[in-house]
Amino acid sequence: NDSIIRLHNIWILPLQLALALFILFREIGICMLAGLATMMICAALISYFSQLTTKFSMSTMFAKDVRMKATTEALNYMKIIKLQAWEEYFRKRIEGFRLVEYRWLSKFTCALAANIAVLGISTTFVSIVTFGTCVLLNVKLTSAKVFTVMSTFNILQEPIRTFPQAIISISQAIVSLDRLDKYMLSQELEGYVSKGSYSKDEHSITVENGCFTWDEVETK
């Protein structure tokens, strides 16, 4: 539902990054390259975990569809399942599908947690590397420069944090649109239900004047 809003983060982040690099270069010179390299490493990790998150999200959605299909079939044919005493088989079958879905969901959660962890430490780690490089290269640091650099990194924290979420939202929107497109363009079912006149000769088994009841179980 927020894919359109997050779509703008795709072009806002590069613009903010370019302005921030210009400000950093004006304040600390080539020392900003150390921070840029660290930021690129963090961005690579974020991109990797975002790809894993997208992959696991798609697998989770597929496993959920399989589980829902099996559950729907069991509910629709509950009378037959009860009559044939197949409850245990279908229970294990649905639980197996739920276990597969749970595994994909666990992987999705772990990848998302790793992505958030990298996002959380990226700004602090970039600041430490940048100021450490300034100290090694004997760049004069004043309170004005430090506050400017820290403010710039803090401004970059929000777009860097929301950028992977924007990628995830857009990827999920693309998957949903593909599913809707496939459903909308599917062919109509013709001749799926056939109706005809009833005839006893068409059935292999015929029961006349039958009486069927369930065995009552006495509870103590």
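**Before you start.** This is a predicted model, in which local features need pLDDT of at least 70, side-chain atom pairs count only at pLDDT 80 or more, and totals for chains, interfaces and linings use all residues. Residues are numbered from 1 along each chain as its sequence is written, and side-chain values use heavy atoms, with hydrogens and water left out.

**Whole protein.** Colour by secondary structure. The protein has six helices and zero strands. Helices (H or I, at least four residues) and strands (E, at least two) are DSSP runs, numbered from the N terminus. Now colour by accessibility. Of the 220 residues, 26% are buried (under 20% relative accessible area, 1.4 Å probe, protein chains only).

**Helix α5.** Select residues 87-136. At 1.5 Å a residue, these 50 residues should span 74 Å, and the end C-alpha atoms are 71 Å apart, which agrees. The expected span is 1.5 Å times one less than the number of residues.

Centre on Ser-122. A kink of about 40° in α5 is centred there; the bend is the angle between axes fitted to the seven residues ending at a residue and the seven starting there.

Step on to Asn-138. Just after α5, Asn-138 has a positive phi of about 55°.

Methods. Buried < 20%, exposed > 50% of the residue type's maximum accessible area, 1.4 Å probe, protein only.
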